Amino acid sequence: MKIPEKVRIGYMDYDVIQTENNLCLEGRECLGIIHYEDAKIELNTNRNIQKQQQAFLHEVVHGIVRDRGIEWGENNELYTDEIAKGIYCLIRDNPEIFKECE
Ligand SMILES: [Zn+2]
């Protein structure tokens, strides 16, 4: 799975920016950050490709959750991460999942 340069989530088109710079959110180092107001997803490239893909999907799930108006409260990060890992495995284990629909 190649990480795209843009991703549309709901009515927003996000630019996906890959960077070697360390990313920090609320004092913690992280692999990705989604900036809703700037329509931008930053991803750190200093990890292996699987980690980058998972980080990308994690930020996409954040975008979907926001777009759909879901409130996960204090479990937001946990749920986001678990759903992202589930989607990652789904794509990895079923690479042809929508092929026959085309
Ligand atoms: Zn997160």
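Tutor: Start with two histidines: His58 and His62 are both buried. Keep in mind that the model is predicted.

Student: What makes a residue such as His58 or His62 count as buried?
Tutor: Buried means under 20% relative accessible area, and both His58 and His62 are classed as buried.

Student: Which atoms coordinate the zinc ion?
Tutor: The zinc ion is coordinated by NE2 of His58, NE2 of His62 and two OE atoms of Glu77, at 2.0 to 2.5 Å. The cut-off for a donor to zinc is 2.8 Å, so the atoms at 2.0 to 2.5 Å qualify. Along the chain the donors follow the spacing H-x3-H-x14-E.

Student: Why is the arrangement around the zinc ion called irregular?
Tutor: The four donor atoms subtend angles of 55 to 136 degrees.

Student: Why are His58 and His62 said to be about one helical turn apart?
Tutor: They are four residues apart in helix 1, which means a separation of about one helical turn. An α-helix has 3.6 residues a turn, so residues three or four places apart point the same way.

Student: How do you know that the span of helix 1 agrees with its number of residues?
Tutor: Helix 1 covers residues 49-67. At 1.5 Å a residue, its 19 residues should span 27 Å, and the end C-alpha atoms are 27 Å apart, so the two agree.

Student: What caps the N-terminal end of helix 1?
Tutor: Asn48 does, with a side-chain oxygen 3.1 Å from the backbone nitrogen of Gln50. After helix 1 comes Gly69, with a positive phi near 70 degrees.

Student: What covers the buried residues of helix 1?
Tutor: The cover includes strand 1, strand 2, strand 5 (32-35), strand 6 and helix 2. Among the buried residues of helix 1 are Ala55, Phe56, Leu57, Val60 and Val61.

Student: Which residues of the largest nonpolar core touch the most other members?
Tutor: Of its 18 residues, these are Val7, Tyr14, Val16, Ile41, Leu43 and Phe56. Strand 1, strand 2, strand 6, helix 1 and helix 2 each supply at least two residues of the core, and the largest share, six residues, comes from helix 1. Leaving out residues up to four places away in sequence, Phe56 touches Ile3, Pro4, Val7, Val16 and Leu43.

Student: Why is Thr19 called buried?
Tutor: Its relative accessibility is 12%, under the 20% limit, so Thr19 counts as buried. Thr19 lies in strand 2 and, beyond four places in sequence, is in contact with Leu43, Asn44 and Thr45. A polar atom of the Thr19 side chain lies 2.9 Å from the backbone nitrogen of Asn21.

Student: And what makes Gly69 exposed?
Tutor: Its value is 55%, and exposed means over 50%, so Gly69 counts as exposed. Gly69 is found in the loop between helix 1 and helix 2.

Student: Why does Gly73 count as exposed?
Tutor: The relative accessible area of Gly73 is 53%, also over 50%, so Gly73 is exposed. Its place is in the loop between helix 1 and helix 2.

Technical notes. Residues numbered from 1 in each chain as written. Predicted model: local features only at pLDDT ≥ 70, side-chain atom pairs only at ≥ 80, totals over all residues. Heavy atoms only, no water. Buried < 20%, exposed > 50% of the residue type's maximum accessible area, 1.4 Å probe, protein only. Polar contact = N/O pair within 3.5 Å; in protein donor to acceptor, adjacent residues only side chain to side chain. Contact = heavy atoms within 4.5 Å. Core = buried A, V, L, I, M, F, W, Y, C linked by side-chain atoms within 4.5 Å. Expected span 1.5 Å × (residues − 1). Donors = N, O, S within 2.8 Å, 3.2 Å for Na, K, Ca; no water. Tetrahedral: all angles 85-135°; square planar, octahedral: opposite > 155°, others 65-115°.
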